[in-house]
Each structure stands twice: as C-alpha cells, then as structure tokens.
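Trainee: I have a model open and would like to go through it with you.

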Amino acid sequence: MIKAITGTNDILSEDSYKWRELEKLVNKVMSLYNYKEIRTPIFEETALFSRGIGDATDIVSKEMYSFIDRSGVSLTLKPEMTASVARAFIEHSLDKKQSLSKLYYISPMFRQERPQAGRFRQFHQFGAEAIGSQSPLLDAEMIIIAYDIFAKIGLTNLKVKINSLGVTESREVYKDKLKEYLLPHFNNLSEDSKKRFDTNILRIFDSKDDKDQSIMRDAPLLMDYLDNISLEHFHIVKEVLEKSNVPYEVDPKLVRGLDYYCHTTFEIVSGSVGSQSALCGGGRYDGLIEQLGGKPAPGVGFAAGIERLLLACKNENVFDIKEDPLDVYIILLDSELKNKAFEAMLELRRDGLKADADYLSRSIKAQMREANKYNSRFTLFVGGDEYKNGEYLLKDMSEGNQFLFKTSDMKGLIKKIRE
RNA sequence: GUGGGAGUAGCUCAGUUGGUUAGAGCGUCUGGUUGUGGCCCAGAAGGCCGUGGGUUCAAGCCCCAUCUCUCACCCCA
C-alpha cells in the first residue's frame, strides 16, 4: 500500500473546516493591521536559504529538501518564509514602490526533521514581515498581531518571551566574553554544546542538559553588553507592549537559531503542547536584505506554526468549531420523482441554501437517518399524496412540525427555511 | 542523526502460561410491516493480527530483521 510520506499529513474534511476558519481569521487580522498577502513559490534556489538563514544552522546543513533539477540547478523546498519574502522584495524593488512593505503569508514549509508532537516535515506557517523601517513600534506590532490572533482563537496558556540581541558589533564583543567565560568549563559541557561552542555559541543557553544549565547560570548576559541604541530600542518595544496589554517576560537567554536576527527576538510559547512549545517566533533582521544582495533595508517579522496552534487548541478545548449544518435534506418518497426532486434541490441550492439528497435509492428510514447525521435543519418530502395534490411536505427536524407548500411556491418554502 | 514506546476491524482497544472457526465498544449497513430521524432493540458486513524470515506438532502471542507510527534529544515555528 502506498502511504503518505513520513511527516506529512492528509487534512480530512473534519479538520479542513477548522483550517479554513483559522485562515479566515488570519486574513482578517492581517488586514486590520494593513498587511498585504504575498505568495511565493514552494521552491527556490538553494543558495537563497544558505545565504539567508546561515550555513551553520541545522536547517540549512542537514534538514532541507534539496534536489538538482534537470538543468543542473540546486533547488530547495522552502524551509521558512523570510528568505523568500526578502528575495521577492529585492527582485521586485518593493522599496521603490513604497517606503514600507507590510507583507503576510500563509504557506506550507518543508524540513526533513524527525517528526514529533507538533512537528512535521511538511508543515504550515502564517506570518508577517515589515521591511523598510527600523521603528521598534513594528517589533512590538509583530508580537501584538500574533498575540491578538492567539487570543481571538481562545488560547490562554500562553507566555510571551522577548529578548534583544542588539547590533552585530556589540554581539560579537559579547560572544568573545562568553567564550572567555566558557573556556575553563569546556570539558564539562555536553557533547552538543561543545559543538555549539563553535557553530552558535549563544544557543548553549537553550540547552536542556543540567550540567550545561548550571554552567550557564553564572554566564555573562548579552543584555549587559548592549549599546545604548539597542537598549533604547528594546525599551520602547517593552513600553509599547505594556501599553497594549500584552503580558510578556524578558528572557535574556532567548536566542534564536537563525543567523539573520538582531535587536528584538521573541517567542510565544504554549504550556498546552508537548516539547515543541513555541507557537510562533520572530525578530528583527536589519542586515538580511543587504546580505541577499539588495539595497540595505531593515526588517522585522514572525512566523507561527499552524499545526502547533491547532494542537494547542485541541488540548485547551478551544476553537472547536463545527461546519454549518445542512439546511435541507430531500426525502424521496417515489423513485419516479427523482428528477423532479433533484430540480427542487437545485433551486434551493441556487438560492443559497445548503441542500443534499440520497443518491443510493435507499429506504425512507435510511434517508431520514442520513438527514439526521448531517444535522439537517429541515427535510423536504417529495412524493406521495402531497405531490399528487401539487404540494411538498417540509419538516422542521428539531421541532418535528410539518408544513405543506404548493410545489409552485418555492419562494414561500425558502422563506420558511430561512426564518 | 540518537534514544524510549507501539503496530490486532473504519476508530479506540481486549486477547490469559504459544493450543480448534480472532473479540468488545463506537462507527457503517439493513431491519423493527403499509410514507418520517435522534433513543432503544435485532441482525449483517468488515481482519493474510504492519511486512519478511525463523523456532515449534502448533505462533496474534517467542526470536531476528525491516517498515511505519509515536514521544523525547538534536534543531526549530
């Protein structure tokens, strides 16, 4: 039997309705904040991601779905969206069309990781990017958008964590200090952290190893090495969040994995999912556009994982929405009338009512059970004495009342259903 | 890439120290008289017990391999 690829999922109809509603909500909120949708290709040149995200990250070095196409070019299924949006921004000279580009997206992403709770190989993210301004108001806006969407969904077990990485220069100074501090402890670090010492030393703060944690407890903090401009930037972000009623905590150990981040970084984590608790993450990337060959332009953005979000919803018992019930289910009493019944049903549908009927020539009992399964508000009986008298019988399924309508009076029948 | 757990009906799971025709609940389908659902009742369909080897007179159960799912590490949304 052929099965779906490991780490990919079919979204069956019970769930796809929920996905659609979530997407509607995202579209709505993004439009309130005046972000415009951008759709980029599923695959890009591999070089875009190795330059944008950073060669040292695991995402680029071993988790990308890369392949050589027939013309010999290395292509990659997008593992994240920021690099793609940045590429499109440069390619279409969006900076010349307007001073600030506020963009959002909903899109599948691909990473060849080992699947676990809330993590898949094809997964979906929505997110936003604002390119063209250094304003800390935008950093805060990103956090607020994500927070607003999560709140509208009904999630409560959330924590907003923010931190500042400052500018590159002060961060490099700090990295040296950290190296200096860690060197005497090097042999006591976990194997993973020994590797991180060279590749991405800041991420040792994220280690779940107890020994690492105790070593890092006394490590110097980046916050203490930030220059005044970075501190001021961060201060404004915090101030805006407070005034916007977004509860947050500063986590000086929150460092993000992607190379392009600077200044503000943030995550919103949920206590309702497993170990993959970050529902969204993001930050500022003032150097990225230039690094990808564009004219320097500052940017900030975030991405949220849809599968994780829905997992959190399931565990918190929120956003449990069901598809609208059927308005009418047609019950065919005389099989000779099936064309007539189909016509009537079509008329209902074309008038905007959700209607369906039995296509398997089943018994009346079976048809009624089917109507009930779809939670149909009404059933319409076609046939029998009523039809001989030129009438249809309409039954209200919750009350049990029945009403007669002239077959010529579809308007009256429709009006009754709409009441 | 590393480690733990699990694969029996559409779903959730039972299957005793290996021993005849493999079970339940839910779901599905059909009925419970002439044209009416939900509740209830009855019946039916549906399984090469993940796959391939092995041990044995005998394997769903024991052994090996393999695949898949799952959780955690790594990494990250």
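Mentor: First, a term: domain bounds come from an automatic or database domain assignment. Bear in mind that this is a predicted model.

Trainee: How far apart do the C-alpha centres of domain 1 and domain 2 lie?
Mentor: Start with the assignment for chain A. Domain 1 covers 13-167 + 227-316, and domain 2 covers 328-418. Between their C-alpha centres the separation is 50 Å.

Trainee: Is His124 buried or exposed?
Mentor: Locate the residue: His124 sits in strand β6, residues 122-131. Its relative accessibility is 15%. Buried means under 20%. Therefore His124 counts as buried.

Trainee: Which residue joins His124 through a polar contact between side chains?
Mentor: Look at the contacts beyond four places in sequence. For His124 they include Trp19, Ser107, Pro108 and Glu307. A polar contact of 2.7 Å links the side chain of His124 to that of Glu307.

Trainee: How far is His124 from Ala371 in space?
Mentor: In sequence, 247 residues separate His124 and Ala371. In space, C-alpha to C-alpha, the distance is 35 Å.

Note on methods. Residues are numbered from 1 along each chain as its sequence is written. Chains are lettered from A and ligands numbered from 1 in the order in which they are written. This is a predicted model: local features need pLDDT of at least 70, side-chain atom pairs count only at pLDDT 80 or more; totals for chains, interfaces and linings use all residues. Side-chain values use heavy atoms; hydrogens and water are left out. Helices (H or I, at least four residues) and strands (E, at least two) are DSSP runs, numbered from the N terminus. Buried means under 20% relative accessible area, exposed over 50%, partly exposed in between (1.4 Å probe, protein chains only). Contact means heavy atoms within 4.5 Å. A polar contact is a pair of N or O atoms within 3.5 Å; within protein, one must be able to donate a hydrogen and the other to accept it, and residues adjacent in sequence count only if both atoms are side-chain atoms.
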